Amino acid sequence: MSKVLKDLLYSKSHEWVKKLNEEEVLIGISDYAAKQLGSIVFVDLPEAGDTVEAESEFGAVESVKAASDLISPVTGEVIEINEELVGEPELVNEDPYSAWLIKVKLDNPEELEELLSADDYEEIL
Amino acid sequence: MEEIKKTCLYEEHVKLNAKIEEFAGFLMPILYTSIKDEHIAVREKVGMFDVSHMGEFVIKGKEATAFVDNIFTNSILDKENGTVTYGMMLYPNGTIVDDLLVYKVNNEEYFFVVNASNITKDYAWVVDQTENFDVTVKNLSEEYSEIAIQGPEAEAKVKELLGLDLSDLPFFNFKNAEYDKYQLLISRTGYTGEDGFEIYACAEAITELWQIFIKGGVVPCGLGSRDTLRFEAALPLYGHEISDEITPLEAGLKFFTKIDSESDFIGKTALLNQQAQGLTRRVVGIELSKLGIPRAGYPIVKDGEEVGFVTTGYLSITLDKPIAMAMIDQRFTKKDTEIEVKIRNKTIPGFVRDKKFLKKNYKTKGA
């Protein structure tokens with residue numbers, strides 16, 4: 001069984017979004033996505049200052065065998081990336097809900113309303 | 001669509017909770033625990049692969065030697081009985097039908113081991129070439145199952161668990177052996193860059209051997225680590241480094257052709273012409289200078305222009321570096337040439353290097 005945290009929002013492509021305040025969010029991948037991928041050996045992230053767009057690819061998480069695109073659930077500017085994952089990509093497997101990937105400043109906070117609640121996300125798993 | 005097949009070991013894979021996917025028309029184990037752990041087991045100790053999906057043909061007849069000499073790129077005329085030879089079969093235009101192992105039983109009998117994905121095509125091709133030769137070809141792929149025992153401890157494990165002493169079996173040689181009531185064909189061959197054996201027998205025998213090796217502590221390994229291991233050893237895979245659009249010269253496999261000898265074979269004229277005109281592209285090794293994983297199909301770029309593509313690439317488990325094999329424009333094949341690999345929307349810098357990613361640990365002399 002995959003873990004789904006109640007206080008997060010989710011995308012159909014298995015990213016989670018955590019609201020830090022009115023305009024900033026953390027983005028990561030769900031436990032389900034991490035389990036599907038298996039052992040993660042590399043996380044390919046954008047750089048701070050880059051922009052991400054909802055429903056567009058912004059990087060990839062890679063297992064030995066395959067790369068899986070990361071699809072941004074929101075539009076905005078990357079203000080920070082999780083540097084810890086550069087040396088220790090396996091942190092995503094160990095706890096996908098602590099191992100956030102990027103912090104984004106939202107262009108349009110209302111966009112969050114489009115995302116799935118934890119209950120809705122559990123439905124599609 | 002043909003029905004998806006299972007090997008005789010399918011239930012064993014399910015028991016071991018393997019991740020199973022379709023490969024070449026078979027439901028095959030991709031991994032049991034992790035590709036990395038299985039990879040390391042083979043490099044450091046001993047692992048076992050189900051390779052029962054591979055195809056086996058038997059070529060028999062008075063003219064078997066002349067026939068094999070005609071369809072196989074490598075030389076078998078000078079080989080002793082009991083030897084195994086790696087090579088390819090080519091189309092007249094020099095591109096590759098398949099790569100295969102040829103086991104020489106004697107001058108009138110050969111055993112071919114071909115890729116699972118090419119069994120139907122290869123069998124039709126081989127049969128089509130028999131017209132002027134006194135030979136018969138049988139496809140025994142359904143009758144033979146196969147496991148590969150690979151790694152530095154392979155010889156010791158086979159001795160411990162089966163009581164078979166293979167210390168006098170030289171690299172790329174085979175012999176018939178008996179175990180219990182079963183007949184086994186064992187060769188000192190593999191697809192990992194390590195010492196080891198490939199064992200061919202009936203389904204019942206292979207299932208029993210599999211269980212004995214598992215109980216004896218040999219690590220079950222899936223197709224995932226089979227690919228990372230063969231890649232580090234720079235061994236080609238059909239559909240990647242070689243294909244029906246690639247010649248052995250382009251793939252860097254001239255060593256496995258007899259184009260410099262008297263022997264004629266299908267595709268030889270095309271290879272000689274290609275050699276005379278000069279190659280336009282070639283498979284090289286690539287190493288990235290920055291982290292990124294160069295996957296099969298990613299473009300190779302030089303000064304903004306696309307000059308090739310990755311054929312296989314990984315974050316190498318043994319070297320912990322991003323490396324690849326790539327087919328690139330001949331102009332850029334010189335060692336240390338700087339290139340870039342396009343990975344999604346980024347270009348990652350790298351350079352051309354040799355394909356000796358790994359020091360191979362073959363036992364080149366028996367005993």
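## Chain B at a glance

Of the 367 residues in chain B, 46% are buried. A residue counts as buried if 20 or more other C-beta atoms lie within 10 Å of its own, as exposed if 12 or fewer do, and as partly exposed in between; the C-beta atoms are placed from the backbone. This is a predicted model: local features need pLDDT of at least 70, side-chain atom pairs count only at pLDDT 80 or more, and totals for chains, interfaces and linings use all residues. Residues are numbered from 1 along each chain as its sequence is written, while chains are lettered from A and ligands numbered from 1 in the order in which they are written.

Chain B has eight helices and 20 strands. Its radius of gyration is 21 Å, close to the 21 Å that the globule rule gives for 367 residues, so chain B is as compact as a globular protein of that length. The radius is taken over C-alpha atoms, and the rule is 2.2 Å times the number of residues to the power 0.38. Helices (H or I, at least four residues) and strands (E, at least two) are DSSP runs, numbered from the N terminus. Along the principal axes, the C-alpha atoms of chain B fill a box of roughly 65 × 50 × 45 Å.

Now take contacts in chain B between residues at least 6 apart in sequence: 66% of them join residues at least 24 apart. Two residues are in contact if their C-beta atoms, placed from the backbone, lie within 7 Å.

## Domains of chain B

Chain B is divided into domain 1 (5-52 + 143-232), domain 2 (56-139) and domain 3 (254-353). These bounds come from an automatic or database domain assignment. The centres of domain 2 and domain 3 of chain B, taken over C-alpha atoms, are 28 Å apart. Their contact takes 16 residues from domain 2 of chain B and twelve residues from domain 3 of chain B.

On the domain 2 side, α3 (64-71) and β6 (83-90) of chain B each supply at least two residues. The largest share, four residues, comes from β6(B). By type, this side divides into eight nonpolar, seven polar and one charged. Here Ala, Val, Leu, Ile, Met, Phe, Trp, Tyr, Cys and Pro count as nonpolar, Asp, Glu, Lys and Arg as charged, and the others, Gly among them, as polar.

## The core and a covered helix

Nonpolar side chains tend to be buried together in soluble globular proteins. The largest nonpolar core here has 125 residues, and B:Ile147, B:Ile149 and B:Ala326 touch the most other members. Such a core is a set of buried Ala, Val, Leu, Ile, Met, Phe, Trp, Tyr and Cys residues joined through C-beta atoms within 7 Å.

Helix α7(B) is mostly covered, with nine of its ten residues buried. Its buried residues include B:Leu223, B:Arg226, B:Asp227 and B:Phe231. Their cover includes β2 (19-23), β3 (26-31), α2 and β17 of chain B. After α7(B) comes B:Ala234, whose phi is positive, near 60°.

## Strand pairs in chain B

Strands β16 (residues 299-302) and β19 (residues 338-343) of chain B run antiparallel and are joined by two bridges. Two strands pair if DSSP finds at least two bridges between them. B:Ile300 stands opposite B:Val341 in β19(B).

Six bridges join β19(B) to β20 (residues 346-353) of chain B, again antiparallel. There B:Ile343 stands opposite B:Lys346. The hairpin of β19(B) and β20(B) has two residues between the strands, and in it B:Arg344 takes a positive phi near 50°.

## Chain A

Chain A has four helices and nine strands. A compact globule of 125 residues would have a radius of gyration near 14 Å; chain A has 13 Å, which agrees. Buried residues make up 38% of chain A.

An open sheet of six strands in chain A has the order β1-β2-β3-β9-β8-β5, with antiparallel pairing. Its edge strands, β1 (9-10) and β5 (51-52) of chain A, each pair on one side only. Two bridges link β1(A) to β2 (residues 15-19) of chain A. A:Tyr10 has A:Trp16 as its bridge partner in β2(A).

## Where the chains meet

How many residues does each chain bring to the contact? Twelve come from chain B and eleven from chain A. On the chain B side, α2 (35-44), α7 (223-232) and β17 (305-315) each supply at least two residues. This side divides into five nonpolar, four polar and three charged.
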